[in-house]
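The sequence and the structure are shown first.

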Amino acid sequence: MTIYFYKVDEPYGCFSNFSPHGIRRKGLHWPTVEHYYQAHKFIGVEDESIITEIRNAPTPDEAAKLGRDPSRTIRSNWDWVKLGIMREAVLAKFLTHLEIQAILLATEDLLIVEDSPTDYFWGCGADRTGQNHLGQMLMSVREEIRGRLQEKASS
Ligand SMILES: Nc1c(N[C@@H]2O[C@H](COP(=O)(O)O)[C@@H](O)[C@H]2O)[nH]c(=O)[nH]c1=O
């Protein structure tokens with residue numbers, strides 16, 4: 001069995017970066033992982049006010065829209081750093097919100113796939129041949145949390 005997810009209001013919607021599970025990083029609150037991810041496209045760029053604008057966006061869709069605005073220049077090393085930034089945020093999300101941590105752990109060793117019809121990097125794309133980096137990340141976070149809990153139980 002494979003777990004497919006995409007929209008927040010569909011099964012396993014809590015695995016989406018758009019789910020309403022905030023994280024705290026370096027003293028700041030981020031309403032969703034998507035807000036955090038999109039804002040980090042602009043660290044070190046000339047006008048960093050966009051970072052606050054994205055953090056304050058009323059919805060993750062609005063944050064993504066701002067982050068994807070083609071008229072703005074994103075940091076030049078984005079493709080090198082985006083996986084690390086996303087993992088940090090996804091791990092923080094599942095360490096913070098125990099009710100969704102339980103949902104993630106209950107998937108045991110099942111394959112998790114972001115069933116995005118358009119995204120062949122984070123998701124599987126329309127024909128399901130995409131790289132599924134978000135699904136892979138969720139499985140790696142699942143493994144890490146499982147290890148941490150085992151360590152805690154045996155100490
Ligand atoms: N879930 C979901 C999306 N997918 C998310 O989009 C992000 C990638 O953004 P980018 O690097 O700017 O292309 C990443 O968090 C991926 O999981 N996109 C959407 O427009 N709506 C949605 O409900």
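## Packing of H5 against H6

In this predicted model, helix H5, which spans residues 98-105, packs against helix H6, residues 133-154, at an angle of about 105 degrees, and the two axes are 10 Å apart. Because angles of 65 to 115 degrees count as roughly perpendicular, H5 is described as roughly perpendicular to H6.

On the H5 side, the contact is made by Gln101, Leu104 and Leu105, while H6 contributes Leu138, Val141, Arg142, Ile145, Arg146 and Leu149. Sorted by class, the residues of this contact between H5 and H6 comprise six nonpolar, one polar and two charged.

## Packing of H4 against H5

Helix H4, made up of residues 78-96, also meets H5: their axes come within 5 Å and cross at roughly 105 degrees. H4 and H5 are therefore roughly perpendicular to each other.

Here the contact involves Lys93, Phe94, Leu95 and Thr96 of H4, together with Leu98, Ile100, Gln101 and Leu104 of H5. The contact of H4 with H5 has five nonpolar residues, two polar residues and one charged residue.

## Surroundings of the ligand

The ligand is surrounded by 15 residues, of which the closest are Asn17, Glu34, Tyr37, Lys41 and Glu114. For glutamate 114, a polar side-chain atom lies 2.8 Å from an oxygen atom of the ligand.

Two further side chains place an N or O atom by a ligand oxygen: in arginine 68 the distance is 2.9 Å, and in lysine 7 the distance is 3.5 Å. Taken on its own, the ligand has 510 Å² of accessible area, and the protein covers 84% of that area.

Terms used. Residues are numbered from 1 along each chain as its sequence is written. This is a predicted model: local features need pLDDT of at least 70, side-chain atom pairs count only at pLDDT 80 or more; totals for chains, interfaces and linings use all residues. Side-chain values use heavy atoms; hydrogens and water are left out. Axes are lines fitted to C-alpha atoms, for helices over the stretch in contact, and angles run from 0 to 180 degrees between N-to-C directions. Helices (H or I, at least four residues) and strands (E, at least two) are DSSP runs, numbered from the N terminus. Angles under 35 degrees count as roughly parallel, over 145 as roughly antiparallel, 65 to 115 as roughly perpendicular and the rest as oblique. Contact means heavy atoms within 4.5 Å. Ala, Val, Leu, Ile, Met, Phe, Trp, Tyr, Cys and Pro count as nonpolar, Asp, Glu, Lys and Arg as charged, and the others, Gly among them, as polar. A residue is near a molecule or strand if one of its heavy atoms lies within 4 Å of it. A polar contact is a pair of N or O atoms within 3.5 Å; within protein, one must be able to donate a hydrogen and the other to accept it, and residues adjacent in sequence count only if both atoms are side-chain atoms. Accessible areas come from the Shrake-Rupley method with a 1.4 Å probe; for residues, only the protein chains shown count as cover.
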